[in-house]
Amino acid sequence: MSLSVRPTTVALATLGAVTTGLLAYAAYFDHKRRTDPEFRKNLKRESRRIARVAKEEAEAQGANQKRRIRQTVTEAQEEGFPTNVEEKEAYFMNEVGRGEVLCQNEKTHVEAALCFFRALKVYPQPGDLISIYDKTVPKPVLDIVAEMVAFDGSIPVGGFGGGPGSDAGGSTAAVDD
């Protein structure tokens, strides 16, 4: 008479042993956390270290993205933009279409923003197009476009410059009180 153990019995026994081990470790960890002040200090220290590393990583990534944005804007300026009205219209439609496709993928947000930036450069009323972008383009891409516009500086985006009709020059009434 041979004794044979079914595979399901072995699997259930193994699963039970692993579960018991995990529960025992959880109970040990909880007891240690509640009773040992040095253990709590180490946990807090580790948590702060992880938060600091994450913050430094985010800052480095932000600086890298700003550098990349400046580089892409400079490259776009060096490539130049069309001057003929028909070429501008075709260029605009092509860039907006490419930007809409690229902004679907989170990894290509800078490329999508570059497409929208190029379209903005050839659009006759950039302020109107920015308000359209504000309603249709995802916020992360729109933020990158805003950084590109700020870096470029040649796109008139509204009455910010103190030109005719703006109140940037201040009032002519004297206040001598």
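## A buried threonine

Thr72 has a relative accessibility of 13%, so Thr72 counts as buried; the cut-off for that label is under 20%. The structure discussed here is a predicted model. Thr72 sits in helix H2.

What does Thr72 touch, once its neighbours within four places in sequence are set aside? The contacts are Val110, Leu114 and Met148. The side chain of Thr72 also has a polar atom 2.8 Å from the backbone oxygen of Ile69.

## Overall make-up

The protein contains six helices and zero strands. Read from the N terminus, the order of elements is α-α-α-α-α-α.

How much of the protein is buried? Of its 177 residues, 20% fall in the buried class. Contacts can also be sorted by how far apart the two residues stand in the sequence. Among contacts between residues at least 6 apart in sequence, 59% link residues that are at least 24 apart.

## The largest nonpolar core

The largest nonpolar core has 26 residues. Within this core, the residues that touch the most other members are Phe116, Phe117, Tyr133, Val141 and Met148. At least two residues of the core come from each of H2, helix H3 (85-102), H4, helix H5 (126-136) and H6. Which helix supplies the largest share of the core? That helix is H4, with nine residues.

Leaving out residues up to four places away in sequence, Phe117 touches Val73, Met148, Val149, Asp152 and Ile155.

## The largest pocket

The volume of the largest pocket is about 280 Å³. Its lining consists of 13 residues, and those closest to the pocket centre are Gln61, Gln65, Arg68, Val110 and Ile144. Three helices, H2 (37-79), H4 (109-122) and H6 (139-152), are the elements that each give two or more residues to this lining.

What classes of residue line the largest pocket? The lining has five charged, five polar and three nonpolar residues.

Key
Residues are numbered from 1 along each chain as its sequence is written. This is a predicted model: local features need pLDDT of at least 70, side-chain atom pairs count only at pLDDT 80 or more; totals for chains, interfaces and linings use all residues. Side-chain values use heavy atoms; hydrogens and water are left out. On a 1 Å grid over the protein atoms alone, a cavity is a set of points where a 1.4 Å probe fits but cannot get out, and a pocket is an open set with protein on both sides within 12 Å along at least five of seven lines; lining residues have an atom within 4 Å of a point. Grid points are joined across faces, edges and corners, and a volume is the space filled by probe spheres set on the points. Helices (H or I, at least four residues) and strands (E, at least two) are DSSP runs, numbered from the N terminus. Ala, Val, Leu, Ile, Met, Phe, Trp, Tyr, Cys and Pro count as nonpolar, Asp, Glu, Lys and Arg as charged, and the others, Gly among them, as polar. A nonpolar core is a set of buried Ala, Val, Leu, Ile, Met, Phe, Trp, Tyr and Cys residues joined through side-chain atoms within 4.5 Å. Buried means under 20% relative accessible area, exposed over 50%, partly exposed in between (1.4 Å probe, protein chains only). Contact means heavy atoms within 4.5 Å. A polar contact is a pair of N or O atoms within 3.5 Å; within protein, one must be able to donate a hydrogen and the other to accept it, and residues adjacent in sequence count only if both atoms are side-chain atoms.
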